[in-house]
Amino acid sequence: MNGYVELHCHSNFSLLDGASHPEELVARASEIGMSALALTDHDGLYGVMRFYKAAKAAGIKPIIGAEITLDGNQHVTLLVKNNRGYTNLCRLLTRAHLNHSKGSPSTAFSLLAEHSSGIICLSGCRKGEVQRLVLQDKT
């Protein structure tokens, strides 16, 4: 499994979507020979420090990210490329939480475009726009 890298992984910090602690995810990734792993919890970076420390200790490249909710309840997965990307992801998440009711963070697509430097955007999960269109046979 040396060439495979999981880029959409949720820890127990993604309530109702992930069950494992960040350290457990890293331990399993190490056990199966992964060279890198991304942590992409929902709308937050709550487990990132624990994940980062565990990955470094295990010799695994930590990839930091988050699955964010866009306006309209669409999801995209964002991965950080560099310090600028981390700053932009933090800004996006902060605004999403501050500008919406508690427990329902959301980001405007225009804000994502404005803060896209240093970020890699993946299509997300079944709640992503690309997947929605595929499931509706509109490709």
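Visitor: How many residues apart in helix H1 are Arg28 and Glu31?

Guide: This is a predicted model: local features need pLDDT of at least 70, side-chain atom pairs need pLDDT 80 or more, and totals for chains, interfaces and linings use all residues. Residues are numbered from 1 along each chain as its sequence is written, and side-chain values use heavy atoms, leaving out hydrogens and water. Helices (H or I, at least four residues) and strands (E, at least two) are DSSP runs, numbered from the N terminus. Arg28 and Glu31 both lie in helix H1, about one turn of the helix apart, a spacing of 3 residues.

Visitor: At what N to O distance do the side chains of Arg28 and Glu31 meet?

Guide: Side chains of opposite charge can pair when their charged atoms come close. A salt bridge needs a side-chain nitrogen of Lys or Arg within 4 Å of a carboxyl oxygen of Asp or Glu. Arg28 and Glu31 form one, N to O, at 2.4 Å.

Visitor: Is Glu31 buried or exposed?

Guide: Buried means under 20% relative accessible area, exposed over 50%, partly exposed in between (1.4 Å probe, protein chains only). Arg28, at 45%, is partly exposed. Glu31 has 61% relative accessibility and therefore counts as exposed.

Visitor: How many salt bridges does a search of the whole structure find?

Guide: Glu23 and Arg50 also meet in a salt bridge, at 2.8 Å, N to O. Glu23 lies in H1 (residues 22–31) and Arg50 in helix H2 (residues 48–58), so this pair ties together parts that are 27 residues apart in sequence. Glu23 is partly exposed at 33%, and Arg50 is partly exposed at 35%. The search of the whole structure gives a total of 2.

Visitor: In E2, which residue is the bridge partner of Leu39?

Guide: Two strands pair if DSSP finds at least two bridges between them. Strand E1 (residues 36–42) and E2 run parallel, joined by 7 bridges. E2 is mostly covered, with 9 of its 10 residues buried. The E2 partner of Leu39 is Ile64.

Visitor: Which backbone oxygen does the side chain of Ser106 reach?

Guide: Ser106 is in the loop between helix H3 (83–98) and helix H4 (109–114), and it counts as buried because its relative accessibility is 11%. Contact means heavy atoms within 4.5 Å; beyond four places in sequence, Ser106 touches Thr69, Leu70, Asp71, Ala96 and His100. A polar contact is a pair of N or O atoms within 3.5 Å; within protein, one must be able to donate a hydrogen and the other to accept it, and residues adjacent in sequence count only if both atoms are side-chain atoms. At 3.5 Å, the side chain of Ser106 reaches the backbone oxygen of Leu70.
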